[in-house]
Each structure stands twice: as C-alpha cells, then as structure tokens.
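Q: Hi! I'm new to this one, could you walk me through it?

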Amino acid sequence: MARIAVIDDDTDILDASSLILKSRGFEVVTANNPDDGYRIVKETQPDLIILDVIMNEPDDGFVLAQKFRKEGVATPILMYTSISRALGIEFSKGIMAPVDEFVEKPISPDELVSKVEKLLAKAKEK
Amino acid sequence: MQTQDEPRILIIDDEETLRAAVKRILENEGFIVQAAANGTEGISFALKSDFDLALIDLKMPDINGIEVLREIRRKKPYTICYIATAYASYDTAIEATKLGADGYILKPFSPEELVSQLRKGLERRKLLLETERLRKEREESLLEVAFERTRLKTIINSIRDGVIVVNREGESVYCNQAALKLLNISFLPIGIPIIEHFPSEIVSLVETNFLGKESQTNSFTIELNTNPDPDKFIEATISPVPQSDNKLAGIVIVLRNITEFKKLEMAKSQFVSMVAHELKAPIAATIGFLDILTKPEIKVDDAQRMDFLKRSHFRLDSLLLMINDLLDISRMEMNKEAKEIKEISFEDILADILLLLKIDIDKKKIQVTFKNSAKKTVIRADQNEIHRLLLNLLSNAVKYNKENGTISIGLSDDVTFIILRVEDTGIGMKPDEHKRLFAEFFRAKNDKTKNIHGTGLGLSIVKRIVDSYNGKIECVSKYGEGSTFTLYFPKINNYKG
C-alpha cells in the first residue's frame with residue numbers, strides 16, 4: 001500500500017488526517033514543521049506528500065514544495081489551504097505552486113481520500 | 001478732494017477794484033471766492049486750501065504771475081490755473097500755457113466772458129480729478145492682482161500635493177515643487193510636451209480625454225505606479241480648466257501621495273486574513289475530529305474517541321479566548337479616547353492578579369517571590385487596562401513555566417517610571433521567536449507550547465496598552481531557561497479623568 005507523508009504544524013489536523021488515511025489502509029508518516037517534513041520525505045520516500053500552506057511562515061508550504069521540486073523530488077504534492085478565499089487568491093496548480101492538487105480546510109475525509117487516490121493512480125500511469 | 005458743490009475760486013490780483021469786481025461777479029454765480037492782493041499772499045492761500053481754480057494776474061509788484069503759477073502747479077497739480085493779463089500778446093499767452101497754465105483771460109473782460117472761461121476751466125478740473133481717480137484705482141487693482149498672484153504662488157508652492165498646469169497642446173505651463181518631488185524629476189522645463197516627463201498613465205489619459213477637445217467637463221482620477229519606487233503610491237486627479245465660454249483652456253493635474261493610506265489599507269487586509277486564518281484553524285481541527293467520530297467506516301477506540309473530544313473542546317476554548325481578545329483589541333482601537341482614568345494603585349492590582357492566578361500557580365507548584373522597593377505606585381490610568389496588562393503578563397509567566405518553577409516579581413520606581421520586572425523559569429524563546437514576540441497571532445510553536453492555550457494576541461494587547469500610556473516593555477529570554485519581562489510605566493501622563 002502507498003506511503004503518504006503529511007506535513008502540517010497543526011497536530012490535530014495531522015492526527016485526524018493520518019487516521020483517515022490509515023483507515024483506508026495507507027501507511028502514514030507525519031511531521032509538524034517544515035524541517036522535519038523535509039527530513040521524513042527524504043528518509044521515507046513517500047508516494048504522496050500532503051503539505052499545509054501556512055506553517056510558521058505564511059508561505060512555508062510553498063517554499064518547501066519548491067525545494068522538493070528543485071531537488072528533483074517528483075512525488076505528487078497535495079496542498080492544504082485555509083484562507084485562499086480571504087486573500088482573494090485563486091490557486092492555480094503548477095503556476096502559483098509546484099503542486100498537483102489542493103484541499104481546502106476543513107478537510108472532508110471523502111474529498112481527501114478521493115483526491116489522494118486520484119493522484120496516486122495518475123502517478124502510477126506514468 | 002472737493003467736498004463742497006460750489007466751485008472755489010482764488011483771485012490773485014494787485015488791482016483792488018478788479019479784485020472786488022471779479023469777486024462780486026463770481027459770487028453772483030454761486031462760486032466761493034477768495035482774493036489775494038499779491039503773489040506771495042496768493043501762493044500762501046493756494047497752498048493752504050484746495051481751490052478748484054486760480055485766476056492769476058500776470059504782472060504783480062512782488063512776484064511775477066508766472067512764478068506764482070509755477071509754485072501753485074508744483075504743489076497743487078489739480079488746481080486749474082488761469083493767467084489774466086492786460087498786456088496781452090499772443091506770445092505771453094503761449095508762454096503761460098507752456099508753463100502749465102490751463103488758459104488765459106485777456107483784460108479787460110466782460111463778466112460773461114469771465115464766467116464762461118472759468119466754467120470751461122472747472123470742467124477741465126472735473127476731468128482731471130476723474131482721470132486721477134481712475135489712475136489711482138487702476139494702480140490699486142494692479143497691485144492687488146500682483147499681490148494675489150504672489151500669494152497664490154506661495155500657497156501652491158507650499159502645499160504637499162503636486163500641482164501641474166498643462167495647456168491645450170499638452171505642454172506644461174506651471175508646476176510646483178511638490179509635483180517635481182512626487183514625479184521624481186529635478187525640474188520641468190516650461191513649454192515642453194508632458195509626454196517627455198510624465199508617467200505614461202497620465203499622458204494617455206490626457207491624450208484621450210483632453211487634447212484636441214473643444215470642451216471637457218469631467219475630472220479623472222487614477223492611481224500611479226511610480227518607478228523606481230514601487231512602494232510609493234500616487235493618486236493623480238486630472239481636471240479641465242475652462243475658459244469663460246466653457247471651452248477648454250487647459251488641464252490641471254493634482255498629484256497626491258497616498259502611500260500611507262495604501263499601507264494602512266494593506267495592513268488592515270493582512271490583519272483580516274490573519275484573523276480569518278487563526279479563527280479557521282480551530283474550527284478545521286474540530287470538524288476534522290467530528291468527521292472521524294461520525295464516520296462509521298473509520299474505526300476509533302474509546303480512548304481515542306475521548307482524546308479527540310477533549311482536543312476538540314480545547315480548540316473551541318482557544319477559539320473563544322481568541323474572539324474575546326479580538327473584541328478587546330477592537331474596543332481599544334475604537335475607544336482610544338474613552339479611557340476611564342482615575343488614580344489607581346499599581347501594587348493593589350498586582351496583588352489582585354496574583355490572587356486570581358493562585359490556583360494555576362499552586363497546580364504547577366510554582367514559587368512566587370515579590371520584592372517591592374517602590375516609593376509610590378499610584379498612577380493615573382484605566383483600571384481595566386492595567387488589570388488586563390498585568391494579567392496577560394503574569395499569566396504567561398505561569399502558563400509557560402515548568403512544574404516547581406519560580407516567578408520573581410520586582411516592583412520599583414524612579415522619578416518617571418514604575419518599573420515591574422517579571423522573571424520566570426519557563427520555556428523561554430529562541431532568538432527568531434523573540435523578534436516576533438509582540439506581533440499579532442505570533443505564538444512559539446513547538447512541542448512545549450502545543451498544549452498551552454494561547455491566542456497569539458496576549459502580548460500584542462500588552463504592547464498596545466503600554467504604548468497607549470507612552471510606556472515601554474522589554475524582554476530578555478533564553479530558550480529552555482526562562483524569560484524576563486521589564487515594564488516601564490510612566491507615573492505621569494496627559495490623560496485627564
């Protein structure tokens with residue numbers, strides 16, 4: 001079964017997400033800050049990365065995603081967003097951030113799982 | 001000058017009979033007549049008051065009539081002077097007029113001839129006075145115009161908004177100092193097309209809406225991006241200057257620096273999105289847990305269920321605290337002037353707070369020491385604000401402290417300040433956390449803080465209160481060892497109450 005890395009500074013979101021994913025049989029690794037997130041991705045080579053946009057800094061998620069891509073990490077990235085509407089930003093995949101999908105908080109388990117499965121299936125095709 | 005309606009005539013003649021006869025004739029005509037028997041007397045009369053007309057005999061024993069004429073002319077330029085002469089010849093008449101006489105009368109003369117000549121002279125006097133009045137008026141209005149221009153120029157040059165006047169051909173006609181500064185140019189040559197010096201947004205707006213147009217009544221306002229300074233925002237208002245027939249005479253461009261306003265606007269929307277993010281986070285976490293608990297396909301055991309419910313509760317408590325803090329901040333922002341100022345004892349409030357925190361202090365088995373060396377701790381301030389300030393400061397010292405830790409409180413004063421020092425043995429801060437200590441919504445996020453309630457607004461509220469009384473607050477901190485906050489609260493402030 002696929003391995004998913006979840007990186008979010010909100011440990012409640014981290015625990016809820018990982019429980020949802022585990023209940024579907026995924027293997028989950030977590031980190032609650034960008035540095036640990038970077039480390040677990042390098043160490044565990046997940047099939048999918050879930051990244052929160054805002055951690056300590058409002059753009060920590062973007063910065064980390066860019067870092068992965070720059071270093072040749074091609075793993076699909078799903079990004080958690082929360083205030084894109086308040087900022088008036090229409091996130092467009094690939095342009096604003098090198099990520100493959102967005103999920104707006106609060107996270108609906110069904111939406112999360114369906115988007116995760118779609119990304120994994122797409123990655124398998126390649 | 002002449003206040004009476006009756007013409008005033010001065011006769012200067014050494015022949016007594018003639019003097020008397022002329023006086024009688026003229027008085028019959030309703031003139032006011034004064035007579036002088038010689039030149040000296042004549043000059044003295046003429047200068048003493050203001051005659052409409054002087055009739056001067058050419059040949060007098062003391063001073064020649066021409067001399068008398070010259071003297072009166074010099075001092076009284078608007079008194080009409082007639083020369084009377086019995087030895088008349090064409091030459092003397094010419095000479096007299098050359099020297100400034102307004103006319104001459106040949107002796108002997110008939111009363112009718114005299115009166116008619118003098119009336120002509122009086123008409124001339126009226127004309128002279130009228131001309132003089134007009135000249136003075138014109139001079140005054142010219143002065144006024146000149147004064148007005150200088151004044152306008154001074155005003156326009158001293159205002160902070162940029163003012164530029166452009167003619168119908170699109171050439172600059174005038175611009176003040178502020179305009180140069182706002183456009184980042186050192187000088188603007190008059191009479192060159194503005195396209196060469198102006199931001200393209202203005203130029204295209206002027207070209208589209210003004211140049212080549214017979215008339216234009218609308219004003220246009222645009223915001224400019226000024227290079228090379230991208231953080232400078234300028235608002236340009238371009239208005240038509242109409243002629244008296246409403247045709248377009250030119251354009252006036254007013255430039256205003258709206259950078260500060262823009263910054264404020266940005267800070268405000270940033271704050272709003274930060275608030276949105278902070279309010280949404282606990283809701284998202286709680287909904288996340290509730291989703292899990294209500295989905296039968298996700299298996300959780302009893303211990304997990306209880307953990308998720310407790311964590312949801314904790315997040316909602318935090319949310320409530322944050323909303324209350326936000327309401328406090330908003331109240332402080334709105335009622336800046338509505339402080340309830342009275343004399344309060346800093347020391348008493350401090351004691352109240354320690355009592356309030358006693359349960360938490362005891363729970364963590366924290367040792368509190370309190371040293372008071374202050375001579376006077378009475379201040380004039382809003383009791384609620386000082387209460388809030390000390391509660392936030394001291395509850396942090398408890399919240400972030402370790403079990404069996406200590407809090408040392410020192411209260412002292414000098415001439416200007418009451419000084420409160422709060423030293424804890426808490427988790428302390430890393431240097432990068434320290435920098436953002438007083439920023440809204442900043443909370444050091446790590447394993448040590450994750451189970452501590454906090455809104456990220458407590459110290460920001462402290463700072464707002466301290467600033468509003470012109471006090472200051474400092475913090476020294478070492479990660480893992482503790483933090484020391486030192487508050488300097490002014491003893492005297494300008495608040496009335």
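Predicted model: local features only at pLDDT ≥ 70, side-chain atom pairs only at ≥ 80, totals over all residues.

Q: Great. In what order do the five strands of the open sheet in chain B run?
A: The order is β12-β14-β15-β17-β16 in chain B, and the pairing is mixed.

Q: Which strands stand at the edges?
A: Those are β12 (367–372) and β16 (472–478) of chain B. Each has a single partner strand, so one side of each is left without a neighbour in the sheet.

Q: And by how many degrees are neighbouring strands turned against each other?
A: On average by 10 degrees, ignoring direction.

Q: Let's zoom in. In which sense do β15 and β17 of chain B pair, parallel or antiparallel?
A: Antiparallel: residues 417–424 of β15 in chain B and residues 482–490 of β17 in chain B are joined over seven bridges. For example, E423(B) has T484(B) in β17(B) as its bridge partner.

Q: What does helix α12 of chain B lie across?
A: Helix α12 (residues 383–399) lies across β14 (406–413), β15 and β17 of chain B. Relative to β15(B), the helix runs at about 20 degrees.

Q: Switching topic: how many residues does the contact take from chain B and from chain A?
A: Chain B gives 22 residues and chain A gives 20 residues.

Q: Which elements give two or more residues on the chain B side?
A: They are α8 (259–294) and α9 (302–334) of chain B. The largest share, 14 residues, comes from α8(B).

Q: What about the classes of residue there?
A: The side of chain B that touches chain A has 10 nonpolar, three polar and nine charged residues.

Terms used:
Residues numbered from 1 in each chain as written. Chains lettered and ligands numbered in written order. Pairing = 2+ DSSP bridges. Helix = DSSP H or I, 4+ residues; strand = E, 2+ residues; numbered from the N terminus. Axes fitted to C-alpha atoms, helices over the stretch in contact; angles between N-to-C directions. Contact = placed C-beta atoms within 7 Å. Nonpolar A, V, L, I, M, F, W, Y, C, P; charged D, E, K, R; others polar.
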